[in-house]
Amino acid sequence: MNIKNVPLFFLTIAAVLLSGCESSPTAGSETSPKPEATLQTSLQDLSTSDSKPNLSEQNDATSHQTSENSDTASISATSLNESSASDTLTASAPSDNDSGWALILVNRDSPLPQDYAPKLTELRNFQYVDERIYPDLQKMFDDMREQGMEPLIISSYRSREEQQEIIDEKIDFYLGFGYTSEDAQAQAYREAAPVGCSEHESGLAVDINAEEGDLWTIYDWLARNAWEYGFILRYPEDKEDITGITYEPWHYRYVGRKAAKEIYERGITLEEYLE
Ligand SMILES: [Zn+2]
């Protein structure tokens, strides 16, 4: 088969099925072993032992969502008490929200340090996030559910090894279509961020989908309200020249409430905010 004759849309769809968030809202399900599971409504549920897999076992699993940084990343459940501080959105934001950690820039020009190892909180279905964003994330999901939506996290923290796997799968995919090694690599890196350059490696980004119901109801709600919880739509429409990534209505990045408010109100990107 001559690769030049393969319709672009077919390749795109196939590529999307292969991998990570930079391509598609559904792509994350490929990297999520249990897409039906959700962020817990009750924080207490997070600490149940049956939802806490042994990390060393996961390292041998084929799951893309395992944490292979088990030597450096610790998993901890957030205590129930912590959520009470965010019962009302007008309450003062956590004091460390706007310190450097929440504003770290991750893109192709700004890779994470090699030894970056956030402390992770485990959600259900083998999803992990930086423990510092957990209370606001939980509050946002609780409020969405109260309003009748059923949001679902389909991709979250990703280790360097998992990011490399995504790239390798893309390369294999294009090799399978007859690309030369060089062309396959070039195409793979057009679709996936190099290791260290995906925001998912920070533990501060989540891809949100719908477990039930209308997906765009969730996207619209997030676009209007996520800033109140410290999250921003990271890759808006018409900002691709700045972010380097096409519009992703499902990808939300925690930056802290103060920064999120300003970024939302000014209609800017994280890159522009940090300039
Ligand atoms: Zn994403």
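# Reading the sheet, cores and loops

Modeller: Strand β5 (residues 231-233) runs antiparallel to β6, and three bridges join the two. This is a predicted model.

Biologist: What makes β5 and β6 count as a pair?

Modeller: Two strands pair if at least two bridges are found between them. β5 and β6 have three bridges, so the pair meets that condition. Isoleucine 232 stands opposite arginine 253 of β6.

Biologist: Which other strand is joined to β6 by bridges?

Modeller: Strand β4 (residues 205-212) is joined to β6 by three bridges, in the antiparallel sense. There, alanine 205 stands opposite arginine 253.

Biologist: Why is β3 called an edge strand?

Modeller: The four strands of this open sheet follow the order β3-β4-β6-β5, with antiparallel pairing. β3 and β5 are its edge strands, as each pairs on one side only. Neighbouring strands are turned against each other by 45° on average, direction ignored.

Biologist: How many bridges hold β3 to β4?

Modeller: β3 and β4 pair over five bridges, again antiparallel. Leucine 152 has asparagine 209 in β4 as its bridge partner.

Biologist: How do you know what span to expect for α3 (residues 134-146)?

Modeller: The expected span is 1.5 Å times one less than the number of residues. α3 has 13 residues and reaches 18 Å from its first C-alpha to its last, close to the 18 Å expected. Just after α3, glycine 148 takes a positive phi of about 95°.

Biologist: What makes a group of residues a nonpolar core, and which members of the largest one touch the most others?

Modeller: The members must be buried residues of nonpolar types, joined through C-beta atoms within 7 Å. The largest core has 36 residues, and Val129, Ile208, Ala226, Phe231, Ile232, Tyr252 and Val255 touch the most other members. The elements that give two or more residues to this core include β2, α6 (215-225) and α8 (257-266). Helix α3 gives the most, with five residues. A second, separate core of nine residues includes Ile166, Ile171, Ala188 and Ala193.

Biologist: Which residues does isoleucine 232 touch?

Modeller: Not counting residues up to four places away in sequence, isoleucine 232 touches Ala226, Trp227, Tyr252, Arg253, Val255, Ala260, Ile263, Tyr264 and Leu270.

Biologist: Is aspartate 238 buried or exposed?

Modeller: Aspartate 238 has 8, so it is exposed. Aspartate 238 is not a glycine either, yet its phi is positive, at about 65°. The residue lies in the loop between β5 and α7 (240-243).

Biologist: What can be said of the protein as a whole, and where does pLDDT stay under 50?

Modeller: The secondary structure comes to nine helices and six strands. Of the 275 residues, 39% count as buried. Residues 24 or more positions apart account for 74% of the contacts with a separation of 6 or more. The average pLDDT is 74, and 64% of the residues score at least 70. Over residues 1-97, pLDDT stays under 50; for that stretch the model has 158 contacts beyond four places in sequence.

Definitions and conventions:
Residues are numbered from 1 along each chain as its sequence is written. This is a predicted model: local features need pLDDT of at least 70, side-chain atom pairs count only at pLDDT 80 or more; totals for chains, interfaces and linings use all residues. A residue is buried if 20 or more other C-beta atoms lie within 10 Å of its own, exposed if 12 or fewer, and partly exposed in between; C-beta atoms are placed from the backbone. Two residues are in contact if their C-beta atoms, placed from the backbone, lie within 7 Å. Axes are lines fitted to C-alpha atoms, for helices over the stretch in contact, and angles run from 0 to 180 degrees between N-to-C directions. pLDDT is the predictor's confidence in each residue, from 0 to 100.
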